[in-house]
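Please read these notes with the model open beside you.

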Amino acid sequence: MLGAYFTNYTATLDYDVVSYSSTTLNTLASAGSGSFVVPGSFQQTFVQSKILSNGVDANGTAADGEINWNFGQNWGLTDNVAANEFDFKKVAVHELLHSFGFASYTQSDGAGLTGQLPGTADTWAIFDQFLTDASGNRLISNAGIFNSSQVATLTGGSGSLLFSGANAKAANGGASVNLYAPAIYADGSSTSHLDDDTLAFADLIMTSSTYAGLQTRTLSGVELGILKDIGYTNISAVPEPSMAWLMLGGLFVVLGAARRRNIL
Ligand SMILES: [Zn+2]
């Protein structure tokens with residue numbers, strides 16, 4: 001399903017998949033992919049570089065990415081997802097995209113991958129090049145230095161932290177794209193997702209949480225724009241079934257699906 005967007009690339013991706021079971025955590029899954037540590041730079045993930053280079057493996061025999069999956073949750077594994085089940089396929093697309101580079105290395109204090117504080121160069125994700133405040137000022141300079149006056153932007157709430165890549169903006173009516181920046185920094189959720197609290201984004205794949213029931217598995221124009229900005233310039237727009245999914249998703253909501261949102 002996700003590969004249909006990447007038909008112009010050829011790579012075999014290897015993942016370590018860790019299964020666990022918790023009924024108390026409200027986490028559904030998490031995922032990532034490592035990168036080289038080069039202070040003062042913006043790095044592709046190993047998965048990302050393997051795709052963009054059509055198969056050149058930057059990290060050798062080690063797995064390219066890792067996915068952690070909570071099988072203690074109630075999952076709908078097929079295309080028939082009950083109102084009290086979480087949509088396995090939607091969440092799988094979401095997690096894989098994190099490993100593809102749809103993720104920030106920013107930490108709550110403005111440090112990057114290796115914990116260097118604002119003012120000192122650190123290693124960042126390609127995604128981080130495009131982080132701005134509401135006025136369009138970049139949080140991290142080309143030299144890989146986080147601007148110490150911008151730490152508060154990370155927890156400024158809806159509309160404070162934006163993704164300002166050209167393709168994402170073009171798909172968003174010319175406006176920068178709201179990223180998730182709740183007032184209390186949420187490790188693993190803040191900065192690396194579309195803003196859950198922006199109405200137009202609430203049901204998209206790359207927000208930080210999801211409702212139960214069948215969800216869209218189709219990437220929006222904004223999500224495709226972000227993927228282009230982080231390097232996937234030959235991504236394909238995908239075929240039809242999207243509308244059918246959206247309609248079914250809407251139907252379940254009308255029928256009273258649980259509106260609990262779980263974290264992904
Ligand atoms: Zn996520």
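1. The place of T191 is in the loop between β10 (177-178) and β11 (209-211). This is a predicted model, and the remarks below should be read with that in mind.

2. Look at the backbone of T191. Its phi is near 75°, a positive value in a residue other than glycine. Most residues other than glycine have a negative phi, which is the reason for pointing this one out.

3. Is T191 buried or exposed? T191 has 28 other C-beta atoms within 10 Å. The cut-off for a buried residue is 20 or more, so T191 counts as buried.

4. N54 also deserves a look: phi of N54 is near 55°, again a positive value in a residue other than glycine. N54 sits in the loop between α1 (46-52) and β4 (65-70).

5. The surroundings of N54 can be judged in the same way. N54 has 10 C-beta neighbours inside 10 Å. A residue is exposed if the count is 12 or fewer, and therefore N54 is classed as exposed.

6. Now the sheet. Three strands make up an open sheet, in the order β8-β9-β10, with antiparallel pairing. Which strands are at the edges? They are β8 (131-132) and β10, because each pairs on one side only.

7. Strands of a sheet pair through backbone hydrogen bonds. Here, strand β9 (residues 162-163) is joined to β10 by two bridges, and these strands run antiparallel.

Key:
Residues numbered from 1 in each chain as written. Predicted model: local features only at pLDDT ≥ 70, side-chain atom pairs only at ≥ 80, totals over all residues. Helix = DSSP H or I, 4+ residues; strand = E, 2+ residues; numbered from the N terminus.
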